[in-house]
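Hi everyone, thanks for coming.

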Amino acid sequence: MASQPGSGAATAAPVFRDYDQAALDAQLNLRARWPEHPQFFERWAADSAAIRAARGGELDLAYGSGPEEMLDLFPASGGGPASGEGPVALLAFIHGGYWQALDKSDYSYLAPPFVDRGIAFASLNYSLAPAADIGTMIGQVRRALAWLHKNAGAYGVDPGRIIVAGHSAGGHLAAMALSTDWPGFEAGLPVGLLAGGCSISGVYDLEPVRLSYHNAVLKVPADRAAAWSPLHALPKAAPPLIVAVGAEETEEFRRQHAEYATSWQDRGLPLVDVPLPGRHHFNAVDALGEENHPLYAAVQQLLSGQVS
């Protein structure tokens, strides 16, 4: 979402499936398709700043040594051991921005619908392109989730009830987290570190991204595109996954969603596909925090252990 296609990039020859260069770039140029996108960024930032001012939270917790390796954590209202009710579930959210933009602080607005129902909420940061490549970001998100698991008790969280969610590039990173061999990633971590996941309008195949104008910034190597793609890195076993894509998304985003969902189910892995009628790329994520929306209800069921 951060870079724009350069002039003279179009060609009549197909570069990915049936798309020539201009058509492929148009499929992946979300800011051009929805020119009102700055209004969403401004609202998310303003609403999130108001939430932090009113509610505080545990901000800028370091999960690593890098300057971007931080997360914000909002403890559950009335939850945790101090309440006498025991540890609570945690929703760990990963922001989008085509791996190039936005920040964890833009998504504090999603916290209240969860923390007010006794669920902790975390928003994760990771390094952005061009300073970092996508492989680095995948590793950072894995470290953040491992940190949350190891430090869960200090924040009243049940380490066995951590759900990861993400939107757009964050959906890609959430999906890659679900494909992680956790004991292989770090000795001592459990196989089932995550209790579930949710990906909203995620990117599951990096090959078209690599072939698009975005790669001038992202620099995805040809020999890493598959390894960094959830569609080509499916796990043998996984907890339940919720996927959702806006009905008004581009054809390429809807294709990737459908192929990933089908491939996940073909492996016998548990999946819930939530339709998002009337939603496009920039308002799809809002459904996660709308208490009357089916996506919110599905995530609540996952957090309560009712999806298997």
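**Inside the core**

Okay, let's start in the middle: the largest nonpolar core has 101 residues, and Trp-99, Leu-145, Leu-148 and Leu-295 have the most contacts inside it. By nonpolar core I mean buried Ala, Val, Leu, Ile, Met, Phe, Trp, Tyr and Cys residues joined through side-chain atoms within 4.5 Å, and buried means under 20% relative accessible area with a 1.4 Å probe, protein chains only. Helix 5, residues 134-150, gives this core its largest share, 9 residues. Helices here are DSSP runs of H or I, at least four residues, and strands are E runs of at least two, numbered from the N terminus.

A quick word on where this comes from: it's a predicted model, where local features need pLDDT of at least 70, side-chain atom pairs count only at pLDDT 80 or more, and totals for chains, interfaces and linings use all residues. Residues are numbered from 1 along each chain as its sequence is written, and side-chain values use heavy atoms, leaving out hydrogens and water.

So what does Leu-148 touch, leaving out residues up to four places away in sequence? Its partners are Leu-71, Leu-73, Leu-90, Ala-92, Ala-122, Leu-124 and Ile-162, with contact meaning heavy atoms within 4.5 Å.

Zooming out, buried residues make up 56% of the 308 in the chain. There are 11 helices and 10 strands. Of the contacts between residues at least 6 apart in sequence, 75% join residues at least 24 apart. And the C-alpha atoms fill a box of roughly 65 × 40 × 40 Å along the principal axes.

Definitions and conventions:
Buried means under 20% relative accessible area, exposed over 50%, partly exposed in between (1.4 Å probe, protein chains only).
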